[in-house]
Amino acid sequence: MRKLVVVCFIILLGCAKIDERKHSDNYQRQTEKISINPNKAQNLKLSAFVDSVFYIKLKTDSNVLLSNTCGFTLTKNYVYVLDYSQEIVFLFNKKGSLISKLARKGNGPQEYAKLGGIVVSEDEKYIEVFDYIQNKIVQYTNLTFDWVATVPLESRIMFDAVKRVNDTYFVYTNKNDNFFRENPTNADLLILRNGKVEKVFFNQNATRTKGDLTAHFALYNNPLIINSKDEIFVSTQYDNKFYKITDDKAVPLYEVDYLGHGIDNKSISKLFTLDQRKFFRSKLSLGKASFPCMVINNKDIMSFVYFFREDENNEYDDNVHHFIKLKKTDEVFHASSISNDISTFPKKIDLLPGMKGDVFMSHDSYHEKYLVDIVSPYLELQNIGVDSAYFQGLGNIKMNDNPIIVLMKVKESSRYPIREVAGLSRFKNEICRQMGFVKVVLHKNMTLDSLDYYKDKLDKIGVDLQFDYLSFSSANEIEFCRPTVQCRGCGTKGRVKFPKVYFDINRKTGGLYIDHASSPYFSLGPDIFGL
């Protein structure tokens, strides 16, 4: 169970209607509108879009026992774990072995008084520690953690997440109180260069309650993401848009429309912070979606999560829905939960980092073509009611073991794309010149919706494939009875009739096939479909 926190830091395929609208921000650009009905989201099996699962099991011993409040940074070579409670940075290799640790808490010029956040340089030669007690950034060499430099900050900066691109720091505050040019601000995003705040975004005065010790109301703590192109994206609370920060402008790229099932952002955001909490714990929040947070956006995937409370017996933030779009194939998944049917650990996947029960783990949700979930053995074993258990690929796991990093390799597509138009043109010509038997063969993991996919592809080169009805001829075959194939612009008159077209869903090879008793077997198989 997630808790409402103030600390640092999507089977049935859900129908997602996508259209676009204009947005003006000194220039015209398009914002993609994503329309979803939260009630249509269903349980998604991980195998629908992931083909394999790998683990990084962080070593547990007396020298490295992590607390329940940690931030994780995965790089090319290492795993950095910022333990907020112990105020130590632990450095692991990708096999989970401890390499070194940074433990230099103190009040000296080469030390940090409070470990607020870290940034790792792209070449991994050094790391930077944000100290918001002594208002400074301290730089250390990697592995040995020798002191390199200290950069003073012009004022104290309270924040939840930070990213760096070249000499610019993007600091997400989650409406913490800070200063900009000596004036108070609770802007969500600060642009920091040379120790000074140069620009702020999403600056709104949050309403306070007398005696309320918290400056903000938070359900997620890492809404600032960066991709391999060093593009920065941010999500803000009580806003259904996702923004790209470019040229010191916040440009809305996507907007989520819940089709009448969302909260009233404008009115609820004006409530006192304690009243906001009361709303989300009350029956008024039932059947209402809120707080969309983008967790991935790169050339391959766009994904966001949001909260949707359906059962009043559950906490509001127990109900996380996922939206995942594979950009190469335009496949969309909309899930109320993601069940792991590939491996035995963990039982469910959650791409939203942050509080889970009484364990806080902040991390990016994508790393080097892998989805990332970090799982607490304590919570996983608690859920199944045992103190220890054996999991294939991990061995024996105990409750007090350190967190396990789950890496999930995303499929290129859940259906095999047609890659060679020339091959399809050849297929069209074969249909035009011979009467015979058309056979569509699919990989065993492919689904029936692939038929529509192929029909669309064939249509683009002038081939119409139609059939009267479906017939299940055996456990392995699905017949398309009395099919009709029509070729446009290939010299044939009228329509060409074939006895049947079927899918053989258990074949390990794949492709579109034409067969005729009086002609050689003609195949467009794996080479065409990339199998």
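**Entry 1**

I began with strand S10 (residues 126-131) and strand S11 (residues 136-141), which pair in the antiparallel sense over six bridges. I take helices (H or I, at least four residues) and strands (E, at least two) as DSSP runs, numbered from the N terminus. Two strands pair if DSSP finds at least two bridges between them. Asp131 stands opposite Lys136 in S11.

I note that the model is predicted, that local features need pLDDT of at least 70 and side-chain atom pairs pLDDT 80 or more, while totals for chains, interfaces and linings use all residues. Residues are numbered from 1 along each chain as its sequence is written, and side-chain values use heavy atoms, with hydrogens and water left out.

I then looked up the sheet: it is open, has four strands in the order S9-S10-S11-S12, and its pairing is antiparallel. Strand S9 (117-120) and strand S12 (147-152) are at the edges with a single partner strand each, so one side of each lacks a neighbour in the sheet. Neighbouring strands of this sheet are turned by 20° against each other on average, direction ignored; the axes are lines fitted to C-alpha atoms, for helices over the stretch in contact, and angles run from 0 to 180 degrees between N-to-C directions.

**Entry 1: sheet S4 to S30**

I found an open sheet of four strands with the order S4-S34-S31-S30 and antiparallel pairing. Its edges are strand S4 (50-57) and strand S30 (366-367), each with a single partner strand, so one side of each is left without a neighbour in the sheet. S30 and strand S31 (residues 370-375) pair in the antiparallel sense over two bridges. The bridge partner of Tyr366 in S31 is Leu371.

**Entry 2: hairpin and cores**

I checked strand S21 (residues 241-246) against S22 and found antiparallel pairing over six bridges. The bridge partner of Ile245 in S22 is Ala250. Two residues lie between the strands of this hairpin, and Asp247 takes a positive phi near 50°. Of the nine residues of strand S22 (residues 249-257), seven are buried (under 20% relative accessible area; exposed is over 50%, partly exposed in between; 1.4 Å probe, protein chains only).

Ile245 came up again in the largest nonpolar core, which has 54 residues; Phe49, Ile245, Leu371 and Met408 have the most contacts inside it. Such a core is a set of buried Ala, Val, Leu, Ile, Met, Phe, Trp, Tyr and Cys residues joined through side-chain atoms within 4.5 Å. A second, separate core of 19 residues includes Val79, Val372, Ile374 and Ile405.

I listed the buried residues of helix H2 (residues 273-281): Thr273, Gln276, Arg277, Phe279 and Phe280. Seen down the axis of H2, they fall within an arc of 160°, so they line one face of the helix; the arc is that of the directions from the helix axis to the C-beta atoms.

I counted rings of Phe, Tyr and Trp (its six-membered ring) as paired if their centres lie within 6.5 Å, with planes under 30 degrees apart stacked, over 60 edge-to-face and the rest tilted. By this rule there are 18 aromatic pairs. The rings of Tyr238 and Phe291 have centres 5.0 Å apart and planes at 70°, so the pair is edge-to-face. Tyr238 and Phe291 are both buried. Ring pairs link Tyr238, Phe279, Phe280, Phe291 and Phe307 into a cluster.
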